[in-house]
Amino acid sequence: MVESHHPRPVSVHQALGGGSVADVLLWRRWRGGVFALVAATALWYLFERAGYNLLSFAANVLLLLVVILFFWAKSASLLNRPLPPLPDLEVSEESFVAAADEIRVWINYALSIARDITVGRNLRLLIQVVFGLWVISYIGSLANFLTLVYIGFFFSFSVPFLYDKYQDHIDDKLSIACKIIKTQYKKIDDNILRRIPIPIHKEKKTQ
């Protein structure tokens, strides 16, 4: 008998890259997770509640760092100690090209959606885009940008961990929810969208 080999589902750790970042997000390195959450909470409180300015904070941190490095290097030369270990801070051409290619892909994807809506007159896609932008606008009206970033940062340390722990139960519930959403969308598509007349411009015949 020939055994059928089914592809194994990708684990959450592999989906997150499988490196140290994945270990921190899944709380396998709990010290890193605690440090990241404490630092994010401190920064959120500093900018949101204490009213500290981001530009002033960055300037003061850089000023303090430059002064410390200067006196460290000066004392090291006088006491014959090693210089401060500074990494080679340089952006490679490969990483810059990769980032530019990724941005280009997303821009082309957004332009293709805009073309399908305007030129192709895709009504379903228009409704999806309008609904998505309305959701983003509604969420943005509930809190400012910094608070939303902090909430997203907090969710990034909780949602992957919970999904990794209860993956089977969550997948079952998500499959049921997807079926319900597809059924409701099909009803809307059949009863409303297909009844809306969409004018189609016929191409003029060239003699």
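This report describes helices, an aromatic cluster and selected residues of a predicted model.

## Basis of the values

Because the model is predicted, local features need pLDDT of at least 70 and side-chain atom pairs count only at pLDDT 80 or more, while totals for chains, interfaces and linings use all residues. Residues are numbered from 1 along each chain as its sequence is written, and side-chain values use heavy atoms, with hydrogens and water left out.

## Helix α4

Helices here are DSSP runs (H or I, at least four residues), numbered from the N terminus. Helix α4 covers residues 54-79, which makes 26 residues, and spans 37 Å from its first C-alpha to its last, close to the 38 Å expected at 1.5 Å a residue, where the expected span is 1.5 Å times one less than the number of residues. After α4 comes Asn80, with a positive phi near 55°.

## Packing of α5 and α6

Helix α5 (residues 93-118) packs against helix α6 (residues 123-142) at an angle of about 125°, and their axes are 8 Å apart; the axes are lines fitted to C-alpha atoms over the stretch in contact, and angles run from 0 to 180 degrees between N-to-C directions. The two helices α5 and α6 are therefore oblique to each other, a class left for angles that are not under 35 degrees (roughly parallel), over 145 (roughly antiparallel) or 65 to 115 (roughly perpendicular).

Ile113, Asp116 and Ile117 of α5 meet Leu125, Leu126 and Val129 of α6, contact being defined by heavy atoms within 4.5 Å.

## Aromatic pairs around Trp27

The structure holds nine aromatic pairs, for which rings of Phe, Tyr and Trp (its six-membered ring) must have centres within 6.5 Å, with planes under 30 degrees apart counted as stacked, over 60 as edge-to-face and the rest as tilted. One of them joins Trp27 and Phe157 edge-to-face, at 6.1 Å centre to centre and 65° between the planes. Trp27 lies in the loop between α2 (20-25) and α3 (30-49) and Phe157 in the loop between α7 (145-156) and α8 (159-165), so the pair ties together parts that are 130 residues apart in sequence. Ring pairs also link Phe153 with these residues, giving a cluster of Trp27, Phe153 and Phe157.

Trp27 is partly exposed at 28% relative accessibility, whereas Phe157 is buried at 7% (buried is under 20% relative accessible area, exposed over 50% and partly exposed in between, with a 1.4 Å probe and protein chains only). Trp27 also has a positive phi, near 60°, although this residue is not glycine.

## Thr147 in α7

Thr147 lies in helix α7 and is buried at 14% relative accessibility. Leaving aside residues up to four places away in sequence, Thr147 touches Trp44 and Glu48.
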